Amino acid sequence: LTVAGSALFLSFGTGNTIEEVNSDSQYKVNYTVQVTDSTGAGVSGVSVSLSALSWDYIKGHRVAGTSSWTTQINATCINEDRVTGNPAFDFNGILDPGENQNGNNNSGVPSMEAGNIATVTPGTGTTDASGFLQFSIIYPQDHAYYLALVLRARTAVQGTEYARTTLPFLLQGVATDFNNLNIAPPGPVSPFGDASSCSTFN
């Protein structure tokens, strides 16, 4: 990717703070995407599109440990919207032929798991004078430790598109929600079910 003949590079960064928002029903984590040139200098005025894409989901439940709540993993399942490996079908929000891995839901209808759960805000933005764009991901508290996702940044300059995708990472919860054994944590049972098989809906 080049601007005026100079190569550009996208990268992500975050800290170790998780906020509780919206009446403590969701978690919020702040991120920065930075755009630099070949010398490491920030590049301003670059328009960037952002996505938070579900990667894997977990079936299981919370278990009381010696000093905190942990998560028993009964099955780790691939997000059905990336099963084919075909860019024409993956992450399009549609349950395409060959993508249904978990059968039908309780109403007898095929449903996509995991779907996109986390929200990225803003979804698009422009880098500031230092080449930075601040954004956040927000997700339901009961999905912490049950969902892994990737972040993706895209930009197009002079007709050339470039994308940077993070490695998959597991959504985390606030420590105080899981370190008190006298209070049940968010998501006693995974929103995706408790079965030991990905081919079973619940």
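Reader: What makes cysteine 77 and cysteine 198 a disulfide?

Author: Their sulfur atoms are 2.1 Å apart, and a disulfide is defined as a pair of cysteine sulfur atoms within 2.5 Å, so the pair formed by cysteine 77 and cysteine 198 meets the definition. The structure holds one disulfide. This is a predicted model, in which local features need pLDDT of at least 70 and side-chain atom pairs count only at pLDDT 80 or more, while totals for chains, interfaces and linings use all residues. Residues are numbered from 1 along each chain as its sequence is written, and side-chain values use heavy atoms, with hydrogens and water left out.

Reader: Why is the disulfide of cysteine 77 and cysteine 198 called left-handed?

Author: The torsion about its S-S bond is about -90°, and the disulfide is therefore left-handed. Cysteine 77 belongs to strand E6 and cysteine 198 to the segment after H1, so the pair ties together parts that are 121 residues apart in sequence. Helices (H or I, at least four residues) and strands (E, at least two) are DSSP runs, numbered from the N terminus.

Reader: Why is cysteine 77 called buried, and why is cysteine 198 called partly exposed?

Author: Buried means under 20% relative accessible area, exposed means over 50%, and partly exposed lies in between (1.4 Å probe, protein chains only). Cysteine 77 has a relative accessible area of 2% and is therefore buried, whereas cysteine 198, with 23%, is partly exposed. Isoleucine 78, which lies in strand E6 (residues 69-78), has a value of 32% and so is also partly exposed.

Reader: What makes the approach of the side chains of aspartate 177 and tyrosine 27 a polar contact?

Author: The two side chains meet at 2.6 Å, and a polar contact is a pair of N or O atoms within 3.5 Å (within protein, one must be able to donate a hydrogen and the other to accept it, and residues adjacent in sequence count only if both atoms are side-chain atoms). Aspartate 177, placed in helix H1 (residues 175-178), also touches other residues, among them Glu20 and Gln141, when residues up to four places away in sequence are not counted; contact here means heavy atoms within 4.5 Å.

Reader: What is said of phi in asparagine 22 and aspartate 24?

Author: Most residues other than glycine have a negative phi, and most peptide bonds are trans. Asparagine 22 has a phi near 55° and aspartate 24 one of about 60°, positive values in residues that are not glycine. Asparagine 22 is found in the loop between strand E3 (19-21) and strand E4 (26-37), and aspartate 24 is also placed in the loop between E3 and E4. A cis peptide bond, with omega about -5°, joins threonine 121 and proline 122.

Reader: Where in the chain is confidence lowest, and where highest?

Author: By pLDDT, the predictor's confidence in each residue from 0 to 100, strand E1 (residues 2-3) is lowest at a mean of 48, and strand E9 (residues 132-140) is highest at 97.
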